[in-house]
2 protein chains.
Amino acid sequence: MKTKVIEFERYMEEKGLKSTTQRDEIVNTFFNVKGHVSIEELHHTVQKKNPKIGYTTVYRTLKLLTESGLAHERQFGDGQARYEAVTTEEHHDHLICLKCGTITEFENMKIERLQEDVAKEHGFKVKNHKLELYGYCKKCRNEVK
Amino acid sequence: MKTKVIEFERYMEEKGLKSTTQRDEIVNTFFNVKGHVSIEELHHTVQKKNPKIGYTTVYRTLKLLTESGLAHERQFGDGQARYEAVTTEEHHDHLICLKCGTITEFENMKIERLQEDVAKEHGFKVKNHKLELYGYCKKCRNEVK
DNA sequence: GTGAAATTGAAAATTGATTTCAATAATAGT
DNA sequence: ACTATTATTGAAATCAATTTTCAATTTCAC
Ligand SMILES: [Mn+2]
Ligand SMILES: [Mn+2]
Ligand SMILES: [Zn+2]
Ligand SMILES: [Zn+2]
């Protein structure tokens, strides 16, 4: 997405950071890849375009994207961080298929409201939350016991 | 809890595993410690009773407890696994304080039901889920901006 | 008691994340 | 354009948590 790339350039500018071929290629690739991508996966994809780009630079660029608010880092149960482009301001939660790994997004305002109620009951101030449903997607549910 | 220890012994028996002093001490300590404990914390506690017990054995025993369904492994954002005794069959979710680390438990049937609704809408079969609210507890919320 | 089989724990290996550092590249000022 | 300053790169090193290895020890069925 072009506007996202421009927002990233603005963030770099404002932080006094330099523009480089590597960053451009990584950021462009990131915004053109759908879904929830690991560092390794993105590195692999980026290398098809430019085999000289190192893992570390992908790691650092994803960190910048996260700091700038243009990406979210997610931890689903598989041990490695995954990143997704922040498209709208809308929060969403996830359904994760234990068989094929497909990640589906959803929003449910009723749940969000009830979470706030729960927090209030405990005098707790919510900063962020994580709601993940693990199980089997439409495709896989028939193939598994 | 004595009944839990007996359930563990039954599981060991049924798996053809042997009973050892180390396992007994680790399991006993685990069921007498409240809350959500890391391997390192449990190891430290166990060592007060018996300094010869190694980290690895605590690790392996917690794994057995998890396999047997008597403990749950949890991942809150701090990078290390935490374990809690499964006391009732009741599921619960967590409030995690970002300042003092306190973990509070809650149950909310309305949320659970809505989760099922969401899953159904997507043809998804939920196996388990994770709902974590991160923020500041009653004690800490005033000390943080 | 004896012996096969399991357990222990220190050390080594693994994994994903993060840092280091010398070489390279970007850019502001001339 | 040239140069000096400063940031960036990426391979390798480090880190922290977890997991495996393996030789010595312990358990328990017979
Ligand atoms: Mn998402
Ligand atoms: Mn709990
Ligand atoms: Zn699936
Ligand atoms: Zn607190």
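The four donor atoms around the zinc ion (ligand 4) subtend angles of 101 to 114°, so the arrangement is tetrahedral (four donors with all angles between 85 and 135 degrees). The donors are B:Cys97 (SG), B:Cys100 (SG), B:Cys137 (SG) and B:Cys140 (SG), at 2.2 to 2.4 Å. Donors are N, O and S atoms within 2.8 Å of the metal (3.2 Å for Na, K and Ca); water is not among the atoms, so sites may look incomplete. Along the chain, the zinc donors follow the spacing C-x2-C-x36-C-x2-C.

The model is predicted: local features need pLDDT of at least 70, side-chain atom pairs count only at pLDDT 80 or more, and totals for chains, interfaces and linings use all residues. Residues are numbered from 1 along each chain as its sequence is written, chains are lettered from A and ligands numbered from 1 in the order in which they are written, and side-chain values use heavy atoms, without hydrogens and water.

The manganese ion (ligand 2) is coordinated at 2.1 to 2.4 Å by B:His36 (NE2), B:Glu84 (OE), B:Glu84 (OE), B:His92 (NE2), B:His94 (NE2) and B:Glu105 (OE). The donor residues of this manganese ion are spaced H-x47-E-x7-H-x1-H-x10-E in sequence. B:His36 lies in the loop between α2 (21–32) and β1 (37–38) of chain B, and B:Glu84 in strand β3 (residues 82–85) of chain B, so the pair ties together parts that are 48 residues apart in sequence. Helices (H or I, at least four residues) and strands (E, at least two) are DSSP runs, numbered from the N terminus.

In chain A, α3(A) and α4(A) meet (contact means heavy atoms within 4.5 Å) through A:Ile39, A:Glu40, A:Leu42 and A:His43 in α3(A) and A:Tyr55, A:Val58, A:Tyr59 and A:Leu62 in α4(A).

Technical notes. Four donors count as tetrahedral if all angles lie between 85 and 135 degrees; four count as square planar and six as octahedral if opposite donors are over 155 degrees apart and all others between 65 and 115; anything else is irregular.
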